[in-house]
Amino acid sequence: SLGMSQSALGEAVGLTFQQVQKYERGKNRVSFSKLAGIATALQCRISDLIEGLEDGTDTDPGDNRAALLGETGALELLQTYASVNSPRRRRAIIWLAKGLSDQPEEIEPNSDDQPVRARREARTRWRRRT
């Protein structure tokens with residue numbers, strides 16, 4: 001036990017103690033980024049925080065995020081991904097990871113670029129008119 005109060009934990013992760021209480025009591029869902037911050041503040045692994053949760057309660061039956069986060073390197077990969085601000089680079093990371101996996105899915109690295117391209121073309125057409 002760290003002997004950390006809800007106020008101290010909240011301050012460490014940028015929350016009010018009331019929000020920490022709501023998370024603790026299960027009144028509100030915790031985002032992954034907040035869960036990662038809480039684990040860091042409490043000097044533990046995310047899997048330690050979710051250990052003992054009953055299977056199938058308050059989660060979708062197909063939801064295996066907890067198991068995925070327990071994989072070696074998963075948190076580090078996710079934290080690194082979260083630090084990337086560029087949507088294009090984020091897609092590249094996903095594309096690379098899928099390509100390196102044992103069961104890669106068929107994906108196109110630029111498939112999400114079509115809406116971006118369409119917006120750029122629309123802006124170009126508008127600029128030409130003015």
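Colleague: Which helices are included in what covers the buried residues of α3?
Modeller: This is a predicted model, in which local features need pLDDT of at least 70 and side-chain atom pairs count only at pLDDT 80 or more, while totals for chains, interfaces and linings use all residues. Residues are numbered from 1 along each chain as its sequence is written, and side-chain values use heavy atoms, without hydrogens and water. In α3 (residues 32-41), a helix (a DSSP run of H or I, at least four residues), Leu35, Ala36, Ile38, Ala39 and Ala41 are buried (under 20% relative accessible area, 1.4 Å probe, protein chains only; over 50% is exposed, in between partly exposed). Their cover, by contact (heavy atoms within 4.5 Å), includes α1 (6-13), α2 (17-25), α4 (46-50) and α6 (74-82).

Colleague: Which residue with a positive phi follows α3?
Modeller: The helix α3 spans residues 32-41. The residue in question comes after α3, with phi near 55 degrees: Gln43.

Colleague: Is Leu100 buried or exposed?
Modeller: Leu100 is found in helix α7, residues 87-100. Because its relative accessible area is 65%, Leu100 is exposed.

Key:
Helices (H or I, at least four residues) and strands (E, at least two) are DSSP runs, numbered from the N terminus.
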